[in-house]
Amino acid sequence: MSAKILDGKATAAEMRSEMKQEIEQLKRDHKLIPGLAVVLVGENPASVSYVTGKRKACAEVGIFSREENHPATLAEDKLLALIDELNHDPKIHGILVQLPLPKHIDEKKVLYAIDPKKDVDGFHPFNVGEMMIGEDTFLPCTPHGILQILTRNGIETASRHVVIVGRSNIVGKPLAMMLMQKSKTANATVTVCHTGTKDIAYHTRQADIVVAAAGRPNTVTADMVRDGVVVVDVGVNRVEDATRKSGYRLVGDVDFEAISQKASAITPVPGGVGPMTITMLLYNTIKSAKKTITQK
Ligand code: NAP
């Protein structure tokens, strides 16, 4: 068997084109332009590149983006004052603080200061709680992107067994929570594995869908999955590669080559979950802007 490649770039492009049209309509009918503030403190190269990607994605669909770039020495109280200002800015519907923050700043304090109504990352405990009880709230972008890539490629989760490897607060845990909701697009039976799991292969071999989010290459190998499985690879890992100019290449958490021979569908790295994550951030910003119409 040769697996169908679940193309995150193509799915993201399809969603962004729908969003572009929706924003044109919001501008026309409500004079409303969704706005996202992206706050970057310091010059971590990976963070700079993520922020650039977010700015470009906003421009692509017609979202107004306000960039707040500050030196790594920015005081915590100054950052909190900025968050407060953004919380009250009517042009801003979403606030994203790029992590990690410099060590002298309490990350939790900053994230909790964001108005839950503008928390487009879905990290505020208020929104996490709402997600858990199945309210219509901002869903965290990576797990939401995973659900979208599955459903938009015709892969159902209802009544299927999903095994997730990884239990972080941004991927594994929220994905498990979202998949177990009693709804048409979820309704899965979910198992979550982590470093405390005795025999991960025992669980992954029983899965209809495996999601690997451990941050370690080859966490899931071909002998750990059954024929016809669907595999979602969330991991992004740098491995040395002397044939590349950069000296490295990006790989996921699964043995892509071998598993593609066994699986019915698989997401590549890069080009799988990654493009979906930014797309869901745009989705949440538009959702937040639309909520202001009903509040007027
Ligand atoms: P994280 O916070 O480091 O969490 C990793 C999780 O995997 C932890 O729960 C850990 O278990 C578990 N784990 C690690 N090694 C394991 C092993 N050998 N066996 C079983 N479980 C293991 O990472 P994260 O933020 O969730 O990210 C995971 C990966 O996804 C990273 O490569 C990250 O770069 C990538 N990522 C990609 C996107 C995207 O948009 N493409 C977005 C977010 C993250 P314990 O809890 O027991 O320590």
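Modeller: Here is a walk through the salt bridges, pair by pair. This is a predicted model, in which local features need pLDDT of at least 70, side-chain atom pairs count only at pLDDT 80 or more, and totals for chains, interfaces and linings use all residues. Residues are numbered from 1 along each chain as its sequence is written, and side-chain values use heavy atoms, with hydrogens and water left out.

The structure holds 14 salt bridges (a side-chain nitrogen of Lys or Arg within 4 Å of a carboxyl oxygen of Asp or Glu). One of them joins K287 and D136, whose closest N and O atoms are 2.5 Å apart. This pair links distant parts of the chain, with K287 in helix α10 and D136 in the loop between α5 and α6, 151 residues apart. Helices here are DSSP runs of H or I with at least four residues, strands are E runs of at least two, and both are numbered from the N terminus. K287 is buried at 15% relative accessibility, while D136 is exposed at 56% (buried means under 20% relative accessible area, exposed over 50%, partly exposed in between, with a 1.4 Å probe and protein chains only). K287 also touches T137 and F138 (contact means heavy atoms within 4.5 Å).

Next, R55 and E67 meet at 2.3 Å, N to O. R55 lies in helix α2 and E67 in strand β3, so the pair ties together parts 12 residues apart in sequence. Both are partly exposed, R55 at 35% and E67 at 29%.

Key. Lists of a residue's contacts leave out its neighbours within four places in sequence.
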